[in-house]
Structure formats: C-alpha cells, structure tokens
Amino acid sequence: MKQFILCCMIALSTILNAQNSAPNTNFTKLGSVSGTVIDKSLQQPIPYATVVIKKEGNTIVGGITNDDGTFQLSNIEEGSYLFEVQFIGYNTFSKAITISKENRKVALGTITLEENITELEGVDVVAERSSIEQKIDRKVINVGKDLTTQGATASDIMNNIPSLNVDQQTGDLSMRGNSNVRVMVDGKLSNVPVAQLLKQIPSTSIKKIELITNPSAKYNPEGMSGLINIVLYKDANIGFNGNLNLGLSYQEEAKFNSSIDLNYRRGKFNFYGNYGNNIGKYVNDGRIERFDDEASANFNENQIQNFNFFNNNKSHLYKLGVDFFLDDNNTISVFTNQNIYDGEGSGDTRITNVDPSVGDTQQLFTSNNSNQNEQYNFDYKRDFEKEGHNIELEVDYSNFSDEENADFNYSGATTQPDYLDFVDTRRQQTIANLDYVNPLSEKSKLELGVETRNFETNVDYNSTGFTFSSGGQLVPTPSTEFIYGMDIYSGYATFGQNFEKWSYQVGARYENVSVKADTNSVRSFTDNYSQLYPSAFVTYSPSEKNQFQVSYSKRVDRPGLTQVNPIREWSTPIISSYGNESLKPQFTNSFETNYTRRLEHGSITLGVYYRAIKDEINRALYIDRLDVSKQVLTYDNFDDTEAFGFEISTNYKPLEWWSINGSFDLYSQTQRGLTEQLNPSDTPSVDDIVEEKIKVENVAYNARLNNNFTITKKLSLSLFGFYRGENKGIQMNAQPMYFVNTGARYSFAQGKGTFSLNFNDIFNTMQFRFEGERPYMQEGAFNWESRTIFAGLSYRFGGGKNRKAARKNRDNNTKESSGGGF
C-alpha cells in the first residue's frame with residue numbers, strides 16, 4: 001500500500017514539474033479568455049456549454065465549460081474577436097473582445113445564460129424537452145414535460161430512461177440488465193425499500209435523474225451497475241411558495257396519488273415541507289405449466305398452476321427541514337423523512353393435475369404488512385474564501401420497522417395443514433462522513449473524505465405451521481431470530497485536472513468491512529475483509545461539438561438482507577423462497593467509454609462498457625432435499641463471469657413543433673452456474689439428484705422512442721414506444737415484451753397549472769412470459785394492470801421571478817461530490 005502511494009506521488013510530481021518547466025516556444029499566441037457560465041434563473045453552473053472565439057465568422061478556438069461552469073481558452077493571437085457561449089435550450093451569449101499587449105488575459109467574470117423559452121410573469125417555467133448530458137462520471141437526464149407526461153410517479157417514468165427497467169410486478173429496478181444498483185434521492189440513500197420509494201416520488205417533482213454507471217472513489221463502491229441519483233426540484237423563492245400534484249389511474253382498480261411541496265424563505269432561514277402519498281388497489285394473475293418429462297413423470301409433475309393476487313396498499317411520505325444560513329460561509333441544515341406504509345394482500349393458488357387420480361390442490365392466503373421508516377439528517381458546511389474550497393460534515397440516522405402477518409389455508413389433494421406466519425423486522429443504520437474539497441488551482445482539484453457506516457437488522461420469525469424433517473416427517477416449524485450486522489469504515493481521495501481539451505480524474509477508496517450473522521443466538525456466519533477500490537476518468541474534447549470519455553472503477557455487491565435471510569420469505573404448495581446466509585460479496589471491474597456529439601438541433605451519445613465479475617450473486621432454483629417434488633428458490637455465488645454492452649441515445653428536434661428522445665441499449669452476459677436434475681426413478685429421492693454445470697450466453701436489448709408534439713402554446717401531445725428483447729437465464733428465458741403509451745398535456749392559469757391525460761399500453765401487449773427446463777420443464781405468464789388511463793393535475797402557487805433571490809444552497813440541490821452517499 002505504501003509503495004503504491006509513493007509511486008503515485010512520484011508520478012504526479014513528475015507530471016507537474018514537466019508541465020511547469022515546459023518552455024513557451026510560441027511568442028505570438030499569448031492571450032487567454034476565462035470566465036464562468038451560469039443559469040440566469042437558477043444561479044447554478046452550466047457544465048459542458050460550448051465556448052468559442054470567432055473572427056469574421058470563422059472559429060479560431062473553442063472548448064467547453066467544466067463541471068463548475070468555468071472555462072479558459074488559451075494561445076490566442078492579438079486582435080479583435082467575437083466571443084460566444086452556446087448551449088442547447090439557451091439563448092446564445094455574444095460579446096466583442098480584444099486581445100492586446102496591455103490586456104492579454106481577458107477575464108469575463110460570470111456570464112449568465114437565459115433559457116430560450118418564453119417565461120411568463122411570476123412563473124418558473126420547467127424545460128419542455130428532456131435532454132441528456134454526459135458529464136465526467138455520470139449521465140444526466142434532465143427530465144422535461146415529455147417524460148413526465150408518461151406517469152404520476154418516479155416508478156412510472158423509469159422505463160422511459162435509457163438503460164433503466166422496472167419490473168412491473170415487483171417494482172424492482174435494474175440498470176443495464178442488472179438489479180445490483182443503488183438509488184439515492186438528492187444524493188442521499190433512503191432506508192425505504194426502493195420499489196416503495198419510487199412509487200412515492202411524483203414525477204412532476206423530479207428535476208433530473210443521474211445515472212452514475214462508473215462512480216468515482218467519492219462514492220461507496222456498492223452496486224455492480226452503479227448508482228441512480230434522483231434530484232428533486234427545490235424552491236429558491238423568497239416568501240411562501242408551493243406546488244400541488246394530484247393523480248388518478250384506473251384499469252380494473254383505482255390508484256390515487258398526490259403530493260404537496262411547501263417552502264418559506266425569510267432572512268437567514270429557509271423552511272420546507274413535503275407530503276406525498278400513493279393509495280391504490282392492484283390486481284395480478286399468472287399461470288405456470290409444468291410439463292410431464294422423463295424425470296418428473298414418476299411423481300406426476302404434469303400440472304398447471306393458476307395464480308390470482310390482490311393488494312390494497314397505502315403509503316405516505318413526509319419530509320420536514322430547515323436551512324440556517326449563519327453567514328455567507330457557514331450553513332447548517334437538518335431534515336427528517338418519515339415514511340408509513342400499510343398493505344393488505346390476498347392470493348389464490350390452484351394446482352390442477354392432468355392425472356385426475358392425483359386430485360387438485362388449492363392454497364389461499366391473506367397477509368397484512370405495515371412498516372415505518374424514520375430518517376434524521378444533520379449537515380454542516382463551511383465555505384472558505386477561495387471559491388469551491390469547503391469542508392462538510394454530515395450525520396444520517398434511520399430506523400426501519402416492519403411487521404407482517406400471513407395466513408395460509410389449504411384444501412384438496414394435500415396433507416399440508418393450515419398455518420400462520422409472523423415476521424417482525426427492525427433495521428438501524430447510521431452514516432457519518434466528513435468531506436473536504438480544495439481547488440488547488442484554476443485547473444486542479446483535490447477531494448478527501450472519511451466515512452463510517454454501521455448497519456444492523458433483526459428479524460424475528462414465528463409460525464404455527466409445520467415443515468418436513470430430514471426423515472420426511474412433518475414437525476412444527478421452529479421459531480427463528482436472525483441478526484445481521486455490518487460495519488464499514490472507509491476513506492477516499494481524488495485528484496483531477498482540466499486542460500484546454502483534456503481533463504482527468506483519478507482516485508481510490510479504501511474500505512474495511514466486518515460482517516456477522518447470528519441465528520438463534522449462534523454465530524452462523526462471519527466475514528471480514530479490506531479492499532481498495534480505484535477509479536479513473538479521462539475526457540477529451542477535440543472541438544466544441546465532440547467529446548470522448550474513458551473510465552474505470554472497481555465495484556462490490558454486498559449481499560442484501562433478502563439474499564442472506566435464512567427465514568422462509570414466502571411459499572406455495574410447490575416452491576419456497578429462502579435467503580442464503582453464507583453468501584459472499586461479488587466484485588466487479590468496470591470499464592466504460594462514451595462519445596457525445598452535439599448537433600445543430602440536438603445531441604447524440606454512444607457508449608460501450610465491459611464488466612468482469614467475480615463470484616457472481618444470482619437467483620438459484622434447487623430441488624428441495626426434504627421433498628424432491630418441491631423446489632427451493634434462493635441465492636448463490638456462481639462462477640466468474642463477464643458482461644459487455646452498447647448504448648446509444650439522442651435528443652433531437654427535427655421541427656419546431658416536434659422533439660424526439662430515443663435510445664437503444666444492448667448487453668451481453670455470460671452466466672455460469674450450477675443447476676439440478678432428477679434421474680428417472682420409480683421412487684425419486686435425494687440420491688437421484690444430479691448436478692449440472694451450465695453456461696448461458698445471453699444477449700438482450702431494449703429500445704425506447706419518445707415523441708413530443710407541440711400543438712399550441714398550451715397543448716402538447718406525446719407518443720412513447722418501448723420494446724424489450726428476449727432475456728436468457730440459467731433457469732428460465734423471459735420472452736420479449738413491448739408497449740405503446742400516448743398522452744396529452746394542457747397548460748392553464750398563465751402556466752401555473754397543467755393537466756395531463758394518458759392512455760398507457762394502448763394495445764394491451766405488456767405481459768411477462770417465460771419458459772424453462774431447469775430443474776423442471778415449465779412455461780408461464782404473468783399479467784398486471786398495464787392498460788391504464790391516467791389523469792393528473794399540477795398547480796404552482798406563491799412567489800415568482802420578481803421575488804426571486806439568489807440563495808446560498810449548500811449542495812446545489814444535490815450532493816454531487818459527497819463521499820457519504822452510502
């Protein structure tokens with residue numbers, strides 16, 4: 001470790017000395033132009049804006065602004081020029097400048113750009129079109145009205161975002177075909193389950209979504225696919241302001257959501273509060289056919305399972321906070337998030353055997369699930385005299401509690417007795433991090449940070465049911481208490497420099513991790529390891545219209561609670577789901593390259609990535625050792641594997657009234673694992689189980705196309721199409737699926753209010769279909785309420801632009817440079 005640091009310091013010193021000692025052989029090009037570009041209304045930096053110097057209509061030199069909006073153009077001959085700043089969605093800024101012997105360094109100071117859309121009196125206008133920006137370590141989707149038209153919540157619009165997919169049944173989120181992804185809101189990790197959290201955030205409250213596919217060393221290295229940061233709007237107006245959103249969707253059952261955001265700013269205090277809810281009933285059904293084959297014919301596996309599920313869910317999200325601006329350099333902020341969820345579910349599983357002598361089986365279940373999450377956050381930030389030089393301390397505590405009661409009833413050709421399950425879960429998490437940022441010069445920046453994260457979960461399980469013993473006899477299901485704890489201590493350092501056309505950033509994060517698992521007061525698993533996670537980014541911009549980037553980072557996927565919990569999660573008469581407490585983390589080396597081309601009426605981004613994965617964690621479906629006619633769904637570590645993919649996305653405006661957002665992503669993954677089959681036998685038993693090593697080459701792709709049509713100044717229409725190709729796995733193959741959505745949006749009350757009406761899945765084509773042969777031949781399909789009609793209303797009230805004041809926001813609405821996101 002010491003040798004590594006010493007080598008890095010020597011190499012860095014050599015580079016800096018070489019730069020400082022390089023002679024200037026061109027004495028005629030001595031001038032330079034510098035400044036900072038910001039958004040006029042938001043008073044925030046605009047990164048990657050094009051800056052050019054022209055003479056008689058010809059471009060002499062050009063470049064782009066950095067992440068903080070700064071720029072510097074060098075080696076300019078003496079003379080008079082026209083300086084311009086251009087950025088999509090903004091009016092061009094122009095200024096005449098002169099380079100002379102008396103004024104060789106022209107400092108333009110702060111340059112403000114205005115949006116090129118009409119701003120109504122007293123109204124903050126949200127961007128009409130979505131756009132995609134490629135930053136040094138993330139892809140930023142600025143969410144416009146064309147995307148928010150598609151649904152009421154964050155969950156509804158995620159399928160519209162390049163690289164993202166949402167499972168419509170479970171609500172699970174995946175990026176680039178992998179569900180190992182972490183979600184943040186305004187730079188902070190929530191303790192609320194992701195599927196539940198996404199349904200709580202109104203789409204109209206989202207300003208942008210950041211896809212950090214190759215996070216730098218600032219961030220916790222968890223998540224093979226990377227991080228997703230949802231950035232919400234935060235009012236900056238003086239006085240009292242607010243925003244109200246209402247939404248209703250319907251197919252078979254009604255689903256209602258609403259939110260209200262309030263803000264009051266006076267003097268040194270800024271108070272804000274938010275409330276959002278999601279109340280609805282959900283209907284799902286499915287069918288699985290298990291075929292009669294040579295291995296399973298002996299115990300009548302030729303059968304059909306039919307599922308019908310109904311859920312009635314209510315969730316509420318509260319947020320209350322205050323910012324206290326002590327002076328121009330010191331800010332204290334505190335907030336609390338409170339999330340309350342209550343769900344009632346019921347299900348009917350019917351198993352029909354082709355052989356009438358066997359008889360049919362039915363399982364009925366009802367469940368009640370309620371949980372509450374409390375989050376408390378404290379933040380202190382100190383800004384020093386030098387711009388961008390600061391230190392920040394953040395402490396975050398969250399407490400999650402969940403209670404679930406389930407009642408299972410059986411009838412028909414089964415000896416399974418009725419039973420009740422009771423599961424209580426308690427989870428506590430404390431995160432403390434200290435981050436330091438120092439711009440060493442106009443071109444260089446150093447960032448340092450330390451973090452501690454302490455996590456513990458206690459699961460208490462009781463049941464009135466029975467389970468099979470090793471001798472095949474039914475015995476009472478034992479009560480289980482499972483405690484899973486993890487302590488992570490880490491530190492990171494990053495260093496970056498910007499040149500005329502080049503920029504780079506290198507860094508590393510060091511972590512020490514301690515994991516322990518106790519089952520019924522007995523230590524069942526321990527794991528202690530230390531790891532270094534390096535990262536590197538290089539960006540090259542040969543002109544104002546072209547940008548290339550290459551990046552690398554090392555990632556880790558630590559097993560989650562669901563994956564390690566040995567307590568039965570759920571069961572049907574044929575299959576039961578458990579975690580695997582002996583799971584170990586998987587490590588990934590991630591490489592990525594991107595190219596962005598700015599067009600006259602838009603932009604296009606292409607990307608290629610490669611991931612080498614060690615000890616991959618994946619779903620596993622095994623034969624139950626206690627009853628070989630049944631299956632166990634769990635998780636396991638499989639052999640090393642690799643994945644690569646290609647992405648292309650564009651936003652383009654071919655006509656004044658027509659804008660397009662399109663994307664295509666393709667990924668390929670080699671999956672290696674272990675599965676099981678039964679040898680034919682008159683009386684199948686554990687001795688007949690045969691292990692089989694499997695290798696599956698999976699190539700899958702997704703395509704999205706969103707069209708937005710401006711009919712009048714107040715009325716716009718949208719048409720969105722989505723297609724997901726076949727997805728092959730070790731144990732099943734998911735069939736292709738697609739849908740088409742259409743919608744309309746109308747603005748009223750001088751732009752303060754909007755009304756949306758959507759018709760989703762207009763051809764009723766969304767259906768999850770699959771087929772598999774391991775460990776049994778089977779195929780199936782599941783359906784949900786996808787063909788819905790949605791009506792939404794949004795209204796803004798309070799202060800407008802004439803009362804707007806620039807305020808010191810401690811993190812520019814999102815803590816992009818935080819080392820304590822996790």
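This report describes side-chain contacts in a predicted model, covering salt bridges, aromatic pairs, charges placed over rings and a nonpolar surface patch.

**Salt bridges**

The model contains 17 salt bridges. Three of these pairs are set out below.

| Pair | N to O distance |
|---|---|
| Glutamate 222 and arginine 453 | 2.9 Å |
| Arginine 509 and glutamate 451 | 3.2 Å |
| Lysine 695 and glutamate 697 | 3.8 Å |

The side chains of glutamate 222 and arginine 453 form a salt bridge. This pair connects distant parts of the chain, its members being 231 residues apart. Glutamate 222 belongs to the loop between strand E14 (206-212) and strand E15 (226-232), whereas arginine 453 belongs to strand E24 (residues 444-463). Glutamate 222 has a relative accessibility of 5% and is therefore classed as buried. Arginine 453 is likewise classed as buried, because its relative accessibility is 9%.

Arginine 509 is joined to glutamate 451 by a salt bridge. Here too the pair links distant parts of the chain, with arginine 509 in strand E28 (residues 502-519) and glutamate 451 in strand E24, 58 residues apart. The relative accessible area of arginine 509 is 1%, so this residue is buried. Glutamate 451, at 4% relative accessibility, also counts as buried.

Both of these pairs have their members in a network of salt bridges that links Arg182, Glu222, Glu451, Arg453, Arg509, Glu511 and Arg558.

The salt bridge between lysine 695 and glutamate 697 has another setting. Lysine 695 counts as exposed because its relative accessibility is 53%, a value over the 50% cut-off. Glutamate 697 has a relative accessibility of 43% and so counts as partly exposed.

**Aromatic pairs and cluster**

Across the whole structure, 29 aromatic pairs are found. Tyrosine 410 and tyrosine 419 are both buried. Phenylalanine 499 and tyrosine 504 form a pair with ring centres 6.5 Å apart; this pair is stacked because the planes lie at 20°, under the 30 degrees required. Phenylalanine 499 is partly exposed, with 32% relative accessible area.

Tyr410 and Tyr419 also take part in an aromatic cluster together with Phe307, Phe309, Phe365, Phe408 and Phe782.

**Charges over rings**

Lysine 55 places its charged end over the ring of tyrosine 81, at 5.4 Å from the ring centre. Lysine 319 is positioned over the face of phenylalanine 335, and the distance to the ring centre is 4.6 Å.

**Nonpolar surface patch**

A nonpolar patch on the surface consists of Leu244, Leu246, Leu248, Phe256, Tyr746, Phe755, Leu757, Phe759, Ile789, Leu793 and Tyr795. Together these residues have about 910 Å² of accessible area.

Which strands each supply at least two residues of the nonpolar patch? They are strand E16 (239-250), strand E44 (753-759) and strand E47 (789-798). Phenylalanine 256, a member of the patch, lies in strand E17 (residues 254-266). Its relative accessibility is 34%, so phenylalanine 256 is classed as partly exposed.

Technical notes
Residues are numbered from 1 along each chain as its sequence is written. This is a predicted model: local features need pLDDT of at least 70, side-chain atom pairs count only at pLDDT 80 or more; totals for chains, interfaces and linings use all residues. Side-chain values use heavy atoms; hydrogens and water are left out. Rings of Phe, Tyr and Trp (its six-membered ring) pair if their centres lie within 6.5 Å; planes under 30 degrees apart count as stacked, over 60 as edge-to-face and the rest as tilted. Buried means under 20% relative accessible area, exposed over 50%, partly exposed in between (1.4 Å probe, protein chains only). A charge sits over a ring if NZ of Lys or CZ of Arg is within 6 Å of the ring centre and within 35 degrees of the ring normal. Patches are made of residues with over 30% relative accessible area and no salt bridge: like charges are joined within 9 Å, nonpolar side chains (Val, Leu, Ile, Met, Phe, Trp, Tyr) within 5 Å. Accessible areas come from the Shrake-Rupley method with a 1.4 Å probe; for residues, only the protein chains shown count as cover. A salt bridge is a side-chain nitrogen of Lys or Arg within 4 Å of a carboxyl oxygen of Asp or Glu. Helices (H or I, at least four residues) and strands (E, at least two) are DSSP runs, numbered from the N terminus.
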